[in-house]
Amino acid sequence: MARLDHAVTSGTFTLDGGTWNVDNNVWIVGDDEECVVIDAPHSADPIAELIGDRRLLGILCTHAHDDHVTAANELSDRFDAPIRLHPADEPLWRMSYRHLAFEPLVDGEGIRVAGTALHVLHTPGHSPGAVCFNAPELGAVFTGDTLFRGGPGATGRSYSSYDTIVTSIRYRLFVLPPDTVVHTGHGPDTTIGDEAAAAAGWPTPG
């Protein structure tokens, strides 16, 4: 049966000429034999320690901001695993990796690991190719920087849109069961129900 492993790595996020210190969540879904990594921030070593001697089926990127993909290349080389990313985020990807290829994630795709499925939900707004991974059998969704405890992810920088992220959250995430646990790209967990209840206080799109 699939289990969830978690680590936090620290480093920087750089975009639009600014650099910020950030702590990022790393999520690994799998069993004793195989796993996938959701996001590869900052340093490969702590992520590799969690993987251990398991077969890494893929590095699944919620989006291509540099703080979420810094270690993707090294992990891919170490474990001979594909990097998966929605192609709408290629302009951001090329800021970190000028020539490195990735395999495209497709909205609606089901990624099988350890007897469970991660369903790809394209949720643009924080970035054009932002995705979430819904794992109904685990009662969880991995939202990257699309949804946090307290509201939507940031949309004040290039390639982002507040109206778009709110639409994505309302129509792709808030339709999930209210008790679905939200595992975020930064900070603590929340639930779909808690964030949906708080959404009345969000600024109105447009």
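The questions and answers below go through the fold, the strands, the cysteines and the cavity of a predicted model.

Local features need pLDDT of at least 70, side-chain atom pairs count only at pLDDT 80 or more, and totals for chains, interfaces and linings use all residues. Residues are numbered from 1 along each chain as its sequence is written, and side-chain values use heavy atoms, with hydrogens and water left out.

User: How many helices and strands are in the protein chain?
Analyst: Helices (H or I, at least four residues) and strands (E, at least two) are DSSP runs, numbered from the N terminus. Counted in this way, the protein chain has 6 helices and 14 strands.

User: What percentage of the 206 residues count as buried?
Analyst: Buried means under 20% relative accessible area, exposed over 50%, and partly exposed in between (1.4 Å probe, protein chains only). Of the 206 residues, the share that counts as buried is 52%.

User: Which residue of strand 2 is the bridge partner of Ala7?
Analyst: Strand 1 and strand 2 (residues 18-30) run antiparallel and are joined by 13 bridges. Within this pairing, the partner of Ala7 is Val26.

User: Where does Asp16 lie, and what is its phi?
Analyst: Asp16 is in the loop between strand 1 and strand 2. Its relative accessible area is 47%, so Asp16 is partly exposed. Asp16 is not a glycine, yet its phi is positive, at about 55°.

User: How many of the residues of strand 9 are buried?
Analyst: Strand 9 covers residues 131-135. On one side Val131, Phe133 and Ala135 are buried, and on the other Cys132 and Asn134 are buried.

User: Which residues do His119 and Val141 face in strand 9?
Analyst: Strand 8 (residues 116-122) runs antiparallel to strand 9, with 4 bridges, and the partner of His119 is Asn134. Strand 9 and strand 10 are also antiparallel, over 3 bridges. There, the residue opposite Val141 is again Asn134.

User: Which residue in the turn between strand 9 and strand 10 has a positive phi?
Analyst: The two strands form a hairpin with 4 residues between them. The residue with a phi of about 65° in the turn is Gly139.

User: How many disulfides does the structure hold?
Analyst: A disulfide is a pair of cysteine sulfur atoms within 2.5 Å. For Cys35, the nearest cysteine sulfur is that of Cys61, 14 Å away. For Cys61, the nearest is that of Cys132, also 14 Å away. The number of disulfides is 0.

User: Is Cys35 buried or exposed?
Analyst: The relative accessible area of Cys35 is 0%. Cys35 is therefore buried.

User: What is the volume of the largest cavity?
Analyst: On a 1 Å grid over the protein atoms alone, a cavity is a set of points where a 1.4 Å probe fits but cannot get out, and lining residues have an atom within 4 Å of a point. Grid points are joined across faces, edges and corners, and a volume is the space filled by probe spheres set on the points. The structure holds 1 cavity of 30 Å³ or more, and its lining includes Phe13, His65 and Arg157. The volume is about 40 Å³.

Key. On a 1 Å grid over the protein atoms alone, a cavity is a set of points where a 1.4 Å probe fits but cannot get out, and a pocket is an open set with protein on both sides within 12 Å along at least five of seven lines; lining residues have an atom within 4 Å of a point. Two strands pair if DSSP finds at least two bridges between them.
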